[in-house]
Structure formats: C-alpha cells, structure tokens
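Student: Could you walk me through a structure and show me how to read its features?
Tutor: Gladly; let us look at it together.
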Amino acid sequence: MNQFEEHDYSKEFDPQLWRKLLRFAKPYRRQLTGLGLVMVMVAVVDALFPMMNRIAIDRFIVPAATEGLAAFLALYGVLVVVQAVNVFTLITLAGRVEVGIVHDLREVGFRRLQELSFSYYDRTPVGWIMARMTSDAQRLGDTISWGLVDIAWGGSMMIAIGAFMISMNARLGLIVLAVIPPLAVASLYFQKRILEANREVRKTNSRISGAYNEGIMGAKTTKTLVQEQANLREFTTHTNRMRETSVRTAIFSGLYMPIVLTLGSIGTGLALWAGGTGVMAGVITYGTLVAFIGYTVQFFEPVRELARVITELQAAQASAERIMSLVETEPEIVDAPEVAARYGDSFHPKRENWERPSGGIRFRDGSFTYKEGEQVLSNFNLVVEPGESIALVGETGSGKSTIVNLACRFYEPTTGEILIDGRDYRERSILWHQSHLGYVLQQPHLFSGTIRDNIRYGRLEATDEEIRRAAQLVNAHHFIGRLEDGYDSEVGEGGNLLSTGEKQLISFARAIIADPVFFVFDEATSSVDTETERLIQDAVSTVLEGRTSFIIAHRLSTIRRSDRILVIDSGRVVEEGGHRDLLALRGRYYQLYTSQFLEEEEEELLAHH
Amino acid sequence: MKNTEQTSKPAKLSSVWTYMHGYKLTYAGAIVAVAIATMAAYAVPLVVRLTIDSVIGDRPVDLPPVLADWITNRVTVAWLATNLWAPGLFIVAVTMAGGVFQYFQRKWSAVASERTAQRIREELYDHLQHLSYDYHVKAETGDLIQRSTSDVDTVRRFLAVQLVEVGRAGILLATAYPLLFALHVPLALLSLPIVVVIFVFSAVFFRRVQKAFKQSDESEGRLSTVLQENLTGVRVVRAFARQRFEEEKFAERNTEFRTLSRKLIGVFAVYWGSSDFLAMSHMLMILLAGTWYGIQGALSIGDIVVFLSIEAMLLWPVRQLGRILADMGKATVSLGRIEEILDTPTEYPRQPGLCPAISGRVEFRDVHFAYDDGREILKGISFRAEPGTTVAILGPTGSGKSSLVHLLSRLYDYTAGSITIDGVELKEIDKKWIRSHVGLVLQEPFLYAKTLKENIRLARAKDGDGEVFGAARDAAIHDVIEGFEKGYETLVGERGVTLSGGQKQRVAIARALITGNPILVFDDSLSAVDTETDVAIRRSLARRARHATTFIISHRVTTLASADLILVLDDGRIVESGTHEQLMDRDGLYRRVWAIQNSLEDELQKEMNREPV
C-alpha cells in the first residue's frame with residue numbers, strides 16, 4: 001500500500017548511498033584489497049593456460065624437441081599450485097567479508113531496533129523489519145564481496161586476454177576482439193531481462209504462499225460457504241501465472257546462452273579463418289592459432305559475469321536503501337544529553353546515580369496526538385498517590401491504552417507533562433523509568449527458553465530460590481511442578497507450548513521478581529477456565545500490594561479491588577471515583593458494571609450449577 | 001514446534017512420473033535436445049582438428065569414410081585451403097544449431113517441470129480444501145504451507161535442473177570417451193582415472209558438507225527466532241528495560257552464525273581449491289602426455305586440441321554431478337511430505353449424495369456423536385424444528401452445543417441415531433448440497449483478503465449492490481462499512497483494515513443472510529457484539545428469515561427468551577427443552593440463569609451496603 005510495499009528498484013545509481021555503505025566495508029578493507037589482488041592473479045593465471053598450450057605446440061611438438069620440457073613441466077606445475085592456492089584464498093577472503101558484513105549490518109540494525117520508539121513499531125509491520133534484517137542484509141553482504149570478486153576477475157581477465165592476443169598478433173587480436181561489444185550488449189540486455197523475470201517469479205511465488213495460507217486458515221469457513229470450486233479457480237490463476245512467468249524466465253536464459261555461445265563462435269571462426277591463413281603464409285605459428293582459438297572459447301565468460309554483476313548491483317541497491325532506511329530512522333523518544341550524562345543510556349546505565357521513585361505519578365494537562373493527527377487524549381489530569389491502584393474502564397479505542405503507554409513512557413505526551421515525585425519524567429532516563437516498571441500484557445509474551453529463563457527476565461541476577469518464591473507468590477509454582485522438567489521446561493517459541501493461563505501466571509512471576517515501583521496490567525478479555533481465573537485473580541492481588549498500578553480492567557473482581565476507577569470515553573475521563581460512588585451515580589459505570597455482572601454471573605452459574 | 005519435524009516416509013522417485021502425466025513426451029524431448037546439443041559441441045574441436053591437420057597441414061582427412069570421401073573428393077582440401085572462411089562459418093553454424101537445441105532443451109524441460117509443479121500445487125490446494133473439518137481444526141498451518149511451497153519447489157527443481165544436468169553429464173561421459181578412444185587409446189585410458197577420482201571426490205564431499213549446511217541453517221533459524229521474538233515482544237523488552245540483555249542475546253546468535261558460516265565457507269575453500277588442483281593437474285597431464293605422443297608423431301596437433309577441448313568440457317559437469325547427486329536425496333523427502341497430504345482421505349465419497357429440495361424441517365432422533373478418539377460429545381439428542389421457527393441453545397462450555405450445530409452442515413457426521421431434513425436422512429444428502437442450504441456462521445469467522453463487498457457476496461457472486469447493502473444493514477454493519485474511507489471496496493486483512501471481533505462476526509452474518517438459505521445457524525456468533533446491536537440484528541433476522549429455521553447458540557437471556565424452542569444442553573444431553581414460559585415454570589438451569597437478571601438489583605444493594613475493604 002505504502003512505503004512497506006516491496007518496490008524493488010530505485011531509479012538511478014545512487015553514489016551517495018554506496019558511499020554510506022562504505023562504512024560497513026571499511027573494517028574489511030585489508031581483506032578486500034587482498035581479495036582484489038588475488039582475483040587479478042586468478043585472472044592472469046587463467047589467461048596463461050592457453051599460452052602454455054602455445055608453448056607446448058611451438059617449442060616441443062612442431063620441432064619434435066624435448067629440450068626444456070622439464071622446465072616447462074615445472075612452470076605449469078607452479079601455475080597449478082598457485083591457482084589452487086588462489087582459489088582457496090579467494091573463497092576464504094570473500095566468505096569472510098561476506099559473513100562479516102552481514103553480521104555487522106545485523107548488529108547495527110538490531111541495536112537501532114532496541115532504540116526506536118513505539119511509534120515506529122506501530123506503523124512498521126514486523127514482517128517488513130524481519131525481511132530487512134535477514135534477506136536484505138544477506139544480499140548486500142553477498143553483492144559487496146562476491147560482486148567485487150566477479151568485477152576484479154572479469155575485468156582483469158578481459159584485459160589479460162586482450163593483452164595476450166594483441167601481443168601475439170595485433171591484427172588477429174583486434175579482429176577477434178571485435179566480437180566483444182555485441183557480446184557485452186547482448187549480455188547486459190539479457191541479464192536485465194532475466195533478473196526482472198526472476199523477480200516476477202518471486203512475487204508470484206509469494207502470492208501463491210499467501211493463497212495457501214488463506215486456503216488453509218479459511219478452510220473451515222470455505223466448507224460452510226461451499227467455496228471450494230471458486231477458491232480453486234482463483235488459485236489456478238496464480239498457478240497459471242507462476243507457470244507462465246517461470247517458463248518465460250527459462251526462455252530468456254534459454255535464449256541467452258545460445259546467443260552468447262554463437263557470438264563467441266564467430267570469434268572462433270574468425271580466428272580459424274584469419275589465423276589459419278596466417279599459418280599457411282608462415283606468419284603465425286600453430287601454437288598461436290591454437291591459443292587464439294582457446295581464448296575465443298574462454299572470453300565470453302568474463303563478459304557474462306560482468307554483465308550479471310552490473311545488473312545485480314541494481315537489485316542490491318534496493319536492499320541497501322531499505323537497510324539504510326532502518327538504520328537511519330531516528331528514535332522519537334530519546335534522553336536529553338544532560339539526562340544521558342547523569343543516568344546513562346539504554347546500553348550503559350549509570351545505576352549508581354539512580355534514585356528510587358516513591359511511586360507518585362501525576363499527569364498534568366497531558367495530551368497525545370498520533371503523527372497522523374488523530375488526537376486520542378486531551379488535557380488529561382490525574383494525581384496518583386504512591387501505592388494507589390487505578391482501574392481504567394471504557395470501550396476499545398477510548399484511550400485507556402494511551403494513558404498506560406504514556407505512563408510507561410512508551411509514548412511521551414504531545415503537550416503537557418507527566419511528573420514522577422514532582423519532576424517531569426523526561427528529566428530522568430527512559431531506562432531509569434522503565435527499570436521501575438512491571439508490565440503484564442493481555443496477550444502474554446514469553447521468549448523461547450525455559451520457564452526459569454523467562455521468570456529471570458524480570459531480574460537477571462535472581463537466584464533459583466528467588467525464582468521459585470516468585471512463582472509461588474503468583475500461584476505458578478503448582479503447575480510448574482507438574483511439568484516433567486519443572487522450571488527447566490522449555491516454553492517453545494513465543495511460549496506456545498503453554499496455555500494462555502499458564503503464560504499469564506509466568507508473566508506475573510516475571511513482573512513480581514523485578515520488584516517494580518509501578519505496575520501495569522492489561523487484563524485479558526477472554527476468560528480462561530474458572531480455576532486458572534481464580535489463580536490469576538489471586539496473583540493480581542499479590543502483585544498489586546504496595547505498588548502504584550494502572551490496570552486496564554475487564555473483570556469485576558479486578559475493578560472492585562482497585563482504589564480508584566476511571567471511566568474513559570473518547571480520550572476523556574467521564575466518571576471517576578470508588579466503586580460504590582460510581583454505582584450510585586447510575587451512569588456509564590453502572591451500565592458497564594451491570595452488563596459485565598450478568599455475563600460473569602451466568603458464566604459462573606453454567607459452569608458450577 | 002518440535003513436532004513440525006514429523007518424519008514422513010521418503011517417496012519413491014518414480015512416483016513423480018504420475019504427476020508428469022501428459023508432459024512426459026515434452027520432457028523426453030528435452031533430454032533428446034540435450035544429447036543433440038552435446039554432439040554439436042564436439043563439432044567445434046573436430047573442425048579445428050580437420051583444418052589444422054589436413055587443410056593447413058598435410059595429413060590425410062581422418063573422419064568416418066562417408067565424410068572423408070565427401071571432403072577429399074567433392075569439396076577438396078585445396079578448395080578449403082584457399083577458402084578458410086568455410087570451416088570458420090561451419091563452426092558458427094554448428095554452434096548455432098546446437099544453440100537451438102539447447103534453447104529447446106531449456107524450454108521443454110521448463111514447460112514439463114512447471115506444468116508438473118502446477119499440477120501438484122493445484123492438487124494440493126484442492127485436496128487441502130476437501131480434507132475434513134476435523135483435519136483443519138488440528139492442522140498446523142505453517143507446516144502445510146511449507147510442504148505446499150518449498151517442498152513442491154524442491155521437486156520442481158529436481159525435474160527442471162537436476163535430472164537434466166545428470167542427463168547431460170551422463171550423455172557427455174557416454175559419448176566423449178568413445179570419441180577419445182577412437183582418437184588415441186593410451187591417452188584416453190590415461191585421462192579416465194582422474195575423471196573418476198574427481199567425480200568420487202565431489203560426490204563424497206557434498207554428502208559430507210550437508211551436515212555443515214544443516215548446522216549453519218539451524219543457526220540462522222535460531223538467529224531469526226531471537227529477532228522475531230524481540231520484535232513481537234518489544235513491549236516486554238522495554239517494560240523490563242532489557243535492551244542490553246537482548247542485544248547480548250542477539251550478538252551471541254549473530255556471532256554463532258558467523259562462525260558456522262565461516263566454517264562452511266572454509267570447507268568450501270578447501271574443496272574448490274583441491275578440486276581445482278585436481279582438474280588443472282588433469283589438464284597438465286593431458287597436455288604433457290599429448291606433447292610426448294606428439295613429439296613421437298603418434299598424435300597430431302589437431303588431436304591434442306580435441307583432447308584438451310573435450311576434457312575441459314567434461315570436467316565442470318563431472319564436478320557438478322557430485323553436488324547434484326547429493327542434493328537429489330532432498331527430492332525424495334519432499335515428495336514424501338507432499339504425498340502424505342495427498343494420501344489423507346478427503347471427506348467426500350466417490351458417488352454424490354442426494355440433492356432434495358430443502359424447506360427447513362429438521363428432526364433429531366436419539367443422535368449420538370463421538371470424535372475419532374472415542375470421546376462422546378452428544379448422547380441421545382432428540383428434538384424437532386419446523387420451517388420458520390427459531391431454536392435457541394444454552395449450555396456450559398463443552399456441553400456439545402457447537403457439535404450439535406456442526407452436524408447440521410455435515411462438518412462432522414453423527415455416529416448413531418438419525419437426523420432428517422425434510423424427511424430425508426442427512427447422511428444421504430450431498431455434503432456440498434446441504435452446506436449450500438445451511439447458512440452457518442462460526443464463532444470465529446474467517447474473512448478472505450478481498451474487499452468487504454466481495455466477502456459479503458461470496459456465496460452469491462451475482463448479487464448486486466442492493467442485496468449486499470441490504471444484508472449488511474440487517475447485520476448492523478452497513479454504517480460501519482460506510483464509515484471506512486473506501487466503503488465496501490475496503491480490503492480486509494493486512495493490506496486493508498483490521499476489523500474487531502464483533503465487526504468480523506457481523507460481516508459473516510451478512511454473508512450468511514444474503515444467501516437466503518432455509519436453515520441458518522449462529523454458533524455463538526453474536527458473542528462479540530454488544531447487547532443493543534444483538535437485539536437489532538435479531539429483529540431484522542425475524543423479518544428477513546421469516547421462513548428459515550434458525551439455530552442460535554447464545555448466553556443472552558433476551559436472545560433465548562424469544563425463541564420458539566429452547567434447548568438446555570449439559571454434558572451432551574438435553575436437560576431441559578421448551579418455550580420460555582414452559583421453562584420458567586420449572587426450577588431448572590434456565591430459570592436460574594434468568595433469575596440472575598432480577599437478582600441484579602439485590603446484588604447491587606448488597607454491594608452498596610458492604611463495608612469498605
């Protein structure tokens with residue numbers, strides 16, 4: 001749709017972009033220089049072999065002499081060894097550079113991703129970022145190292161062949177070399193077409209994957225609507241297109257090689273004709289003729305490689321653009337220099353200068369507007385005492401999450417300020433603020449690894465005993481004990497080996513072990529089974545004790561338990577107060593409460609009748 | 001995650017031919033074209049040899065008798081000596097002719113393999129669609145997609161590239177050596193062992209590096225998992241201020257991948273270095289021996305040129321052969337994974353079922369239903385519903401409500417008892433036929449990545465805007481859609497809008513309403529819709545679907561109360577049934593649910609009087 005749609009080509013060669021990329025090639029300049037030199041050597045040795053054939057014919061076979069044959073053998077042997085070493089070196093060096101650049105690009109990209117603000121994540125699909133960090137980084141490292149290999153080799157090879165031919169016989173050399181320009185033109189033309197066709201194939205391929213995805217995810221609905229035929233028909237248009245584009249790609253490359261070979265054979269024909277005539281006239285030796293013929297068979301290769309690299313550079317430029325756009329995105333929320341100087345940055349905190357907040361937080365005229373101009377919160381005022389718990393209720397999109405995001409400093413207020421112990425929170429570092437925060441999400445997110453690893457995420461230096469205690473506090477110990485490997489059980493990718501309720505309990509343990517001053521809880525709307533629900537409710541009470549907390553609440557018990565309730569609508573507080581005061585108002589809260597009450601009671605009744 | 005690596009049996013490669021049906025001839029043509037193109041490639045050094053030895057030199061023409069006769073007597077060597085352009089032109093012509101065959105080889109092998117791949121893709125897609133409902137409840141989407149895409153591609157590559165390359169190498173070896181032996185037996189004999197050594201060397205090598213490949217692949221997988229989890233869990237990372245920890249974790253994986261990749265590249269450097277060494281030594285040996293025999297007059301310059309050229313032609317394919325053979329094992333594994341899907345029986349029997357007229361009279365008689373694993377879900381359900389009536393179903397989670405309505409669409413088949421639709425046994429009725437007469441709205445409906453309009457008129461593609469708008473209005477979603485910038489043309493999904501659960505449900509309801517089906521089923525499909533909208537939808541439902549038999553699973557008492565028949569389900573049995581009035585007369589679950597409504601005020605009073613905590 002927009003910037004995230006994959007456009008593959010940028011218009012022109014962009015020298016500035018490549019200059020910026022030099023930064024990534026710089027650490028490898030010694031390897032790159034070495035690589036260039038090795039490639040020149042490889043090309044020269046490659047070009048020397050036909051010369052060796054020439055010597056064999058002219059020095060030994062034609063005169064039927066054996067004198068110097070041993071030296072010739074030794075020389076050839078040296079060339080073979082040198083070339084073998086060259087090949088080994090070139091692959092090692094190019095590989096080192098490639099792998100190194102890819103590694104560095106990913107490292108820099110990842111660090112930047114840790115700094116970018118939430119607004120960036122709000123508008124950038126995860127898939128897009130993944131593609132930049134994986135395939136684009138790979139392609140760039142690839143092109144920089146192996147592209148250099150091919151350019152250095154192709155260029156030197158052409159020069160070497162040209163030089164050898166002209167030195168053997170200038171006239172014949174020039175005649176044969178006349179084939180190179182059309183060869184170059186044809187190569188550039190076809191390589192470009194092949195690349196484009198390949199891109200089309202890839203695009204169609206991803207459409208087919210998408211269609212499978214939809215076909216499988218929607219299979220149940222498809223059955224109820226009897227759409228099998230229609231779906232297959234639609235799918236067939238994709239597979240038809242896939243076949244057509246693939247066959248077209250094959251046809252392009254199928255045309256290219258014969259054309260290149262035929263052009264090359266014109267060189268061979270010319271060499272045979274003019275060279276043969278020369279041999280008969282006695283001005284050219286047999287060896288020279290054979291060497292010429294050898295070169296004509298060889299020289300389409302460097303032309304082809306050069307043409308390929310040139311077209312691939314264009315595609316690599318698109319990758320470079322996308323990676324640089326990621327690396328160069330500036331985070332919107334940053335610490336002021338003087339704040340960073342005192343408190344340290346996100347990677348090097350100066351904890352010795354950190355003071356522990358008491359837990360009081362105050363919104364003063366806080367407003368928040370998205371970049372697109374949509375205002376979601378206006379002039380919000382709220383004073384929260386240390387240890388107080390605030391329940392936020394209201395419909396989806398009312399602004400509850402924005403208040404929480406501001407309190408977490410995931411966003412900063414567009415106007416107004418948020419004070420912690422009387423000071424604007426921008427006077428402390430982001431890391432300071434977030435280090436005093438505990439957060440349990442509606443959709444709990446765990447990392448691959450063991451349960452122990454996941455709880456320890458809350459406090460890295462926690463002992464096993466502390467982890468066990470934290471799990472006990474939030475009622476997680478029991479279910480963990482039932483698992484075969486206990487605390488060392490793997491949770492799977494994203495925690496998907498555990499149930500939602502279990503994940504939630506683990507994330508409570510993770511939060512409580514951090515001993516946060518502020519606690520934020522986004523309660524899940526969908527209920528888990530009643531037993532787990534009871535455990536979770538119990539865990540909530542434990543975690544809330546003595547902490548300043550913000551809760552996006554759905555369950556009545558959670559709401560009732562909090563000190564103060566804010567009913568939010570369209571970015572404003574419409575009702576505020578304790579549970580009973582608000583009920584007495586018979587307003588919005590009363591409505592929300594009664595409908596939720598009915599639903600929960602009914603659920604309860606059906607489950608326990 | 002671990003279980004996605006289920007081991008499927010590798011298939012026999014021969015089964016790939018069945019998918020190639022109809023294109024085998026094209027493929028055979030491609031192989032023949034390879035052979036001809038290979039022959040043409042020999043012509044070049046042979047012409048050079050003839051020119052050097054017999055035209056420029058004075059050796060008698062050494063070719064098969066017919067050709068030799070033609071050149072010495074008809075063309076004459078003298079003419080050729082003054083017209084050296086002719087052999088030059090011949091080289092160009094032969095190369096061009098070879099090129100034409102090379103082109104056809106590429107084209108034909110592409111056509112045959114792409115057609116085969118297309119057939120497999122379509123068969124997979126269609127087969128997946130026709131697998132049972134239960135299969136899809138348990139299916140692992142990622143694994144199925146992997147099989148349908150990359151496994152198919154592995155098979156395609158096997159046909160399009162690998163097999164052809166093996167064919168080319170085979171043809172080269174099979175034809176080059178007779179030619180070389182005809183030229184000079186000792187030299188040909190001498191060259192044979194090294195070619196064999198190079199082949200064995202590369203085959204063994206590629207088999208062995210597969211482990212290194214796998215290691216680096218797996219390491220890359222771990223790297224992207226860390227990245228993926230970091231991105232999707234960005235809130236957790238920030239809330240716990242774990243940027244540095246994450247960076248270290250990523251750095252560790254990143255470095256591990258770099259180390260393993262370097263190791264892999266190191267292995268390759270050794271391989272290519274030594275295999276180049278072998279190949280070049282081989283050429284040196286040919287040249288040296290050729291020179292030796294040349295000096296003795298046993299070989300002409302032309303012979304040496306032919307030897308050098310043909311050996312050079314051979315070496316590359318032979319070195320590639322090892323790699324291809326090592327790779328080909330993957331094709332059998334992929335084919336096995338594909339066939340595992342295709343061998344799963346579909347839910348459709350061979351012969352079509354009945355297609356009776358359906359007005360909506362539904363009767364259940366002692367219906368039992370159990371899953372394949374034996375869990376019994378429904379235990380003797382009996383009731384009757386006349387056309388135009390509404391049946392509401394209430395019951396706790398797991399009581400069998402959904403299964404009951406799924407039976408109506410034959411998403412599952414009952415294991416005992418009888419269900420009749422207008423007097424016809426449901427099991428006799430064609431599955432597609434009954435499904436196109438039952439409008440079933442699932443609790444979590446799926447919307448396709450199409451426009452909203454296309455989604456609504458999916459089952460009635462010919463319906464105009466009027467019908468679409470009408471259905472959307474009745475499903476109380478028209479205004480929401482109109483509120484979008486692009487209205488009904490708004491795309492659903494990643495590239496368009498993300499709808500809330502309630503909005504999705506309403507679009508799905510509109511999609512069912514537009515069909516005008518005689519039986520409508522709402523499987524708790526108003527759960528995410530607020531109470532007022534629920535009432536509005538039911539009101540328009542009563543108007544629109546006056547003649548339809550409607551089944552509604554719901555917890556909302558108002559929804560239940562207006563139904564003609566209320567079924568209260570518990571543990572697979574009907575524990576209460578009747579109208580609202582009848583059920584209110586009895587002290588059962590239904591009355592207690594209803595009573596909560598009235599207890600609300602009392603509860604609130606209690607709440608208000610409670611001492612503050």
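Student: Which elements make the right-handed β-α-β unit in chain B?
Tutor: A crossover counts as right-handed if, with the strands pointing away from the viewer, the path from the first strand over the helix to the second runs clockwise. Here β7(B), helix α18 (residues 531–544) of chain B and β8(B) form such a unit. This is a predicted model, where local features need pLDDT of at least 70, side-chain atom pairs count only at pLDDT 80 or more, and totals for chains, interfaces and linings use all residues. Residues are numbered from 1 along each chain as its sequence is written, while chains are lettered from A and ligands numbered from 1 in the order in which they are written. Helices (H or I, at least four residues) and strands (E, at least two) are DSSP runs, numbered from the N terminus.

Student: How many bridges join β7(B) to β8(B)?
Tutor: Two strands pair if DSSP finds at least two bridges between them. Strand β7 (residues 519–523) of chain B runs parallel to β8(B), with five bridges, and I519(B) is opposite T549(B). Strand β3 (residues 390–394) of chain B is also parallel to β8(B), through four bridges; there I393(B) has I553(B) as its bridge partner.

Student: Is β8(B) enclosed or open?
Tutor: A residue is buried if 20 or more other C-beta atoms lie within 10 Å of its own, exposed if 12 or fewer, and partly exposed in between, with C-beta atoms placed from the backbone. Five of the five residues of strand β8 (residues 549–553) of chain B are buried, so β8(B) is largely enclosed by the rest of the structure. In a regular strand the side chains alternate between the two faces of the sheet. Both faces of β8(B) are covered, by burial of T549(B), F551(B) and I553(B) on one side and of T550(B) and I552(B) on the other.

Student: How many residues of α18(A) are buried?
Tutor: Twelve of its 14 are, so α18(A) is largely enclosed by the rest of the structure. The buried residues include E502(A), K503(A), F508(A) and R510(A). After α18(A) comes D515(A), with a positive phi near 50 degrees.

Student: And where is the positive phi in the hairpin of chain A?
Tutor: At S570(A), in the turn, with a phi of about 45 degrees; two residues lie between β9(A) and β10(A). β9(A) and strand β10 (residues 572–577) of chain A are antiparallel, joined by five bridges, and D569(A) is opposite R572(A).
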